[in-house]
Amino acid sequence: PPPNADGWNHANVTVTFTCQDATSGIASCTIPVSVSTEGSNQVVSGTATDGAGNTATTSVTVKLDKTPPSITPAVSPAPNAFGWNSTDVAVSYACSDSLSGVEACPPPNTVSAEGAEQSISASASDVAGNAATVTTTHSLDKTPPTISASASPAPNANGWNNTDVTVSFLVADGLSGIASTTPSVVLSTDGANQSVNGIVTDRAGNAAPAVATVSLDKTPPSLNIVAPMGTITGIPAPAIDLDYSDATSGVQTGALQVSVDGVPLAGCNVGQFSANCVPPNLTAGGHTVTSTITDLSGNSATDIQVFSLVLAKILDIQITQPVTGMLTSATTLQVSGTVSTEADTVVVNGVAASLQGGTFTAGGVPIVEGNNTITAVATSSAGDAGTSSITVVRDTSPPIVIIESPAGNQIVTGSTVQIVG
């Protein structure tokens with residue numbers, strides 16, 4: 001074929017010579033010459049001889065380049081180990097041709113559309129008209145994956161848990177797929193507003209974070225019934241005092257329950273850390289106070305206190321005989337007096353007395369030499385009691401008489417004598 005406008009062929013060339021002579025005619029003419037070797041400025045000559053022996057020579061120059069140019073793509077940034085990019089990809093091209101030279105080299109190209117295995121083709125041509133095409137494949141994912149954190153079990157209405165919490169991360173990616181994600185985390189330490197962080201990364205290198213906030217309190221609150229305790233005397237409705245606290249989630253004061261002998265109490269004066277309740281009048285004997293309180297995380301504490309109630313009153317009793325301060329030499333006394341008709345027994349210094357119509361009499365009450373305290377104790381079956389005491393003196397020693405004047409064996413002359421002693 002004839003060369004192109006630049007004088008180059010890119011396929012084998014056949015040079016044909018046309019010979020003519022108008023007088024003696026053509027005796028010989030160079031046969032067609034095939035040019036298949038690449039090169040520039042290749043000279044192909046031909047000769048014509050006429051019948052008279054005259055010759056004529058001519059030549060043509062052939063430029064043959066059958067080899068396509070070289071085209072090498074450069075991708076920036078390079079894909080990661082998974083073959084993905086997370087930002088726009090610039091593709092540039094380096095072209096070369098060692099013979100006829102490069103006619104056209106494609107301009108840089110930018111891949112900005114997301115997608116997997118996108119093919120981008122570009123072509124280069126040399127001056128001889130040879131062309132070369134290169135294709136690059138690009139996987140582009142610029143969208144981060146999605147991630148959400150969930151806690152199990154879910155917190156209660158107050159935002160608290162009272163058992164270990166497992167935080168899991170739900171992830172998804174619609175294009176390149178998930179490369180890595182934070183595994184589930186078990187939270188077992190008490191504390192408020194504890195952050196559990198997670199992150200997911202897709203195969204293109206895009207990442208997204210998530211955080212779960214967990215408030216955990218596995219420890220029950222502290223609860224103590226401070227009063228009443230032991231034995232309570234004479235107060236039919238003793239006040240009930242309670243102390244409570246919770247160091248982590250705090251107590252639910254509205255959930256405080258107090259009961260006496262299984263009967264709930266209402267109308268308690270409830271504060272942040274203590275409460276006071278007044279029960280209805282109780283009967284004498286043993287009673288049980290039970291209290292329960294719950295913290296914000298749902299942990300409960302119970303305390304139980306047992307007390308005894310003595311509802312005794314003072315019985316009237318009075319010793320009328322003997323009277324206090326009496327002197328006697330007797331070894332025993334009869335003690336009598338008045339007593340309330342509610343009394344069932346009277347005991348005088350350990351001696352049981354007989355009762356009759358509001359009076360008592362105890363015989364044979366022993367006394368000792370010197371001062372003696374006589375105590376009468378009256379009691380009733382209801383637990384009421386009363387006492388009365390006097391003091392008596394027992395003296396069994398005879399008096400001693402000493403005459404001081406006149407002196408012994410003194411002689412007197414009067415008809416009367418004054419005795420002093």
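Start by selecting Cys 19: with a relative accessibility of 22%, this residue counts as partly exposed. Keep in mind that you're looking at a predicted model. A disulfide is a covalent bond between the sulfur atoms of two cysteines. Cys 19 sits in the loop between strand E1 (13–15) and strand E2 (26–29), while Cys 29 is in strand E2, so the bond ties together parts that are ten residues apart in sequence.

Next, select Cys 95 and Cys 105. Here's another disulfide, with the sulfur atoms 2.0 Å apart. With 75° about the S-S bond, this link is right-handed. Look for Cys 95 in strand E7 (residues 89–96) and for Cys 105 in the loop between strand E8 (102–104) and strand E9 (109–111). Cys 95 is partly exposed at 21% relative accessibility, and Cys 105 is partly exposed at 36%.

Jump along to Cys 268 and Cys 277, whose sulfur atoms are 2.0 Å apart in a disulfide. The S-S torsion is 115° here, again right-handed. Cys 277 is buried, at 1% relative accessibility. That brings the count to three disulfides, and if you number the bonded cysteines in sequence order, they pair up 1-2, 3-4, 5-6.

Time for a quick stop at Ser 259, in strand E21 (residues 251–260). Is Ser 259 buried or exposed? Its relative accessible area is 14%, and under 20% means buried, so Ser 259 is buried. Show its neighbours and you'll find contacts including Pro 264, Leu 265 and Thr 288.

Now for the largest nonpolar core, which has 20 residues. Select Val 335, Val 346, Val 348, Phe 360 and Ile 374, the members that touch the most others. Strands giving two or more residues to this core include E29 (332–339), E33 (359–366) and E34 (370–379). Apart from this core lies another, of 19 residues, among them Leu 223, Leu 242, Val 258 and Ile 293.

Last stop: the surface. Ile 403 lies in the segment after E35 and is exposed, at 55% relative accessible area.

Terms used
Residues numbered from 1 in each chain as written. Predicted model: local features only at pLDDT ≥ 70, side-chain atom pairs only at ≥ 80, totals over all residues. Heavy atoms only, no water. Core = buried A, V, L, I, M, F, W, Y, C linked by side-chain atoms within 4.5 Å. Buried < 20%, exposed > 50% of the residue type's maximum accessible area, 1.4 Å probe, protein only. Helix = DSSP H or I, 4+ residues; strand = E, 2+ residues; numbered from the N terminus. Contact = heavy atoms within 4.5 Å. Disulfide = S-S within 2.5 Å. Lists of a residue's contacts leave out its neighbours within four places in sequence.
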